Amino acid sequence: MTSLPQNPSAKKLGLVIDLDTCVGCHACAVNCKEWNAGGHMAPLTDLEPYGAEPEGVWFNRVHAYEAGDGAAGRTVHFPRSCLHCEEPACVTVCPTGASYKRAADGIVLVNEDLCIGCKLCSWACPYGAREFDEDVGVMKKCTLCVDRIYNETLPEAERVPACVSTCPVSARHFGDLGDPESDVSKLVASRGGYDLAPDMGYRPTNKYLPPRARPTPAPVPAAAAGEQPTGLLRWVDRLLSL
Amino acid sequence: MKPALSVIFFTTLSGLGYGLAFWLSLDWFLAPERAGAAWFGGAGMAAAIVLIVAGLLSSTLHLGRPERAWRAFSQWRTSWLSREGVAAVVSMPVLALIWLGWVIGASGALWTILALLGALLAIATVYCTGMIYQSLKPIAAWTSKLTTLVYLLYAAMTGAFAAAALASWFGFFGGVQIAVAILLAGMLLFAKIAYWRRAAGARGLTPEDATGLGRIGRVRQLEAPHQTDNYITREMGFRVARRHAEKLRLIATGVGMALPALLGAVAIATGGAAPALLTAAAAAALVGAIVERWLFFAEARHAVTAFYGAR
């Protein structure tokens with residue numbers, strides 16, 4: 001059913017991504033690919049994996065940006081994946097009921113057995129979260145590792161999305177963003193976490209933590225013309241000037 | 001957006017089919033002198049139904065799993081695509097009955113109501129098609145009532161020229177019908193120019209908005225996430241070169257609107273059935289519609305391209 005849940009639970013599972021600490025290593029994307037190639041949405045098709053132009057379906061893509069100019073500018077690594085929005089137009093445009101938002105925890109999923117591969121959901125997503133699998137003929141997307149986070153056969157510490165478990169710098173956090181007392185909610189509050197493209201009106205669940213402000217580096221002092229060194233430096237200056 | 005030929009042929013051919021069906025349904029009231037012209041009405045309605053079915057079949061080529069297409073009728077509560085499918089399926093038996101009515105020369109209140117229903121369903125189906133695109137917020141150029149208006153006017157205009165050409169083949173002079181077609185071409189020209197003017201000013205997502213990094217300063221992509229193209233960049237990243245777009249706009253308006261109107265005006269001026277002129281007008285209108293529909297997709301920028309540095 002592509003109508004959004006009438007009485008959604010307060011629980012809103014999602015990710016918090018720290019753009020200050022992300023180093024752009026792509027480990028999250030690779031571990032996502034590894035887990036999901038055998039997970040809920042498997043297979044995660046690759047076309048020409050060993051050819052000249054390999055390509056495939058990924059749920060997580062890591063961009064790198066330059067923001068700002070000069071001394072104030074900085075490089076920001078930016079993982080992009082499904083934000084599990086509260087107003088997911090990708091779900092409501094679906095003609096078959098294959099796309100749905102879970103009432104229990106807000107995860108947005110695709111039922112591969114119902115999907116006709118019309119691709120309209122991918123057009124409706126401004127974040128590019130949905131990728132069409134040409135081999136299987138259906139749409140694929142991030143499942144928030146629904147087959148890990150509730151998986152009682154895994155040790156409790158591993159019941160987090162694959163991207164979160166693998167991040168070497170702990171730039172990715174998983175939790176209930178509907179609970180203001182949860183660790184992720186507190187993190188978002190303390191760091192000024194924000195929504196991507198809020199004007200689009202999709203109300204993403206995932207939040208991004210902005211890069212921390214850095215002290216402006218002191219300007220490099222230019223050697224003033226005609227300035228005379230003193231002491232030992234004066235002696236060195238004279239020696240070098242011979 | 002990638003201009004998929006299956007979708008272009010679907011929207012233009014089924015649009016023409018619904019337009020033709022609309023005018024032939026209305027002929028019941030507007031052109032009583034043609035009532036009983038079984039061959040005219042029968043051939044016209046049959047052509048309309050064939051065009052609609054051809055368009056619908058073409059649209060299923062776009063699907064990854066066409067054998068499951070029937071599932072698309074279920075989510076009419078939220079999905080304009082589903083509503084379009086339902087409207088198309090509901091209208092089909094009504095149009096088939098109208099075809100039967102023409103063939104057997106039926107008349108009376110019941111048949112008139114049926115014809116009116118057919119005309120309304122034709123409008124409703126094309127309206128749903130337009131709304132599929134109009135409701136997609138990530139494509140700023142489409143999020144305007146002009147999008148659906150243009151879809152409706154194209155169906156009405158291409159259908160009107162086709163109906164006028166058909167009437168002329170069967171020896172009817174549809175002066176009023178031709179005049180209506182010319183009027184629709186003029187309205188379409190205005191609507192399309194208004195669409196283009198709005199699209200030029202439509203502010204799509206910028207890399208600063210998309211990433212939220214505008215707080216630091218201007219954002220440019222340093223490194224893309226992948227070296228080769230993928231589904232997202234191919235499907236959403238298609239952009240037509242500006243100079244080609246300008247030429248194609250001239251073809252869409254010149255060949256697709258001005259030329260059919262001119263040919264129609266000559267047909268009225270010569271005051272008789274002019275099958276060659278009106279057939280050429282109908283063909284030109286369809287060619288223009290196909291060019292315009294290609295541009296409709298090719299010129300539209302999707303929000304996700306902002307993550308790849310487009311603005």
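I took two strands as paired if DSSP finds at least two bridges between them. Strands (E, at least two residues) and helices (H or I, at least four) are DSSP runs, numbered from the N terminus.

I noted that this is a predicted model, in which local features need pLDDT of at least 70, side-chain atom pairs count only at pLDDT 80 or more, and totals for chains, interfaces and linings use all residues. Residues are numbered from 1 along each chain as its sequence is written, and chains are lettered from A and ligands numbered from 1 in the order in which they are written.

**Entry 1: the sheet.** I looked up the bridge partner of Y65(A) in β1(B) and found Q221(B). Strand β4 (residues 60–67) of chain A and β1(B) run antiparallel and are joined by 4 bridges. I then traced an open sheet of 3 strands in the order β5(A)-β4(A)-β1(B), paired antiparallel. β5 (74–81) of chain A and β1 (219–223) of chain B each have a single partner strand, so one side of each lacks a neighbour in the sheet.

**Entry 2: the helix pair.** I examined α5 (residues 145–169) and α10 (residues 275–298), both of chain B, which pack at about 160 degrees with axes 8 Å apart. Axes are lines fitted to C-alpha atoms, for helices over the stretch in contact, and angles run from 0 to 180 degrees between N-to-C directions. α5(B) and α10(B) are therefore roughly antiparallel (an angle over 145 degrees). Among the contacting residues (C-beta atoms, placed from the backbone, within 7 Å) I listed F161(B) and W169(B) in α5(B), and L278(B) and L286(B) in α10(B).

Definitions and conventions. Angles under 35 degrees count as roughly parallel, over 145 as roughly antiparallel, 65 to 115 as roughly perpendicular and the rest as oblique. Two residues are in contact if their C-beta atoms, placed from the backbone, lie within 7 Å.
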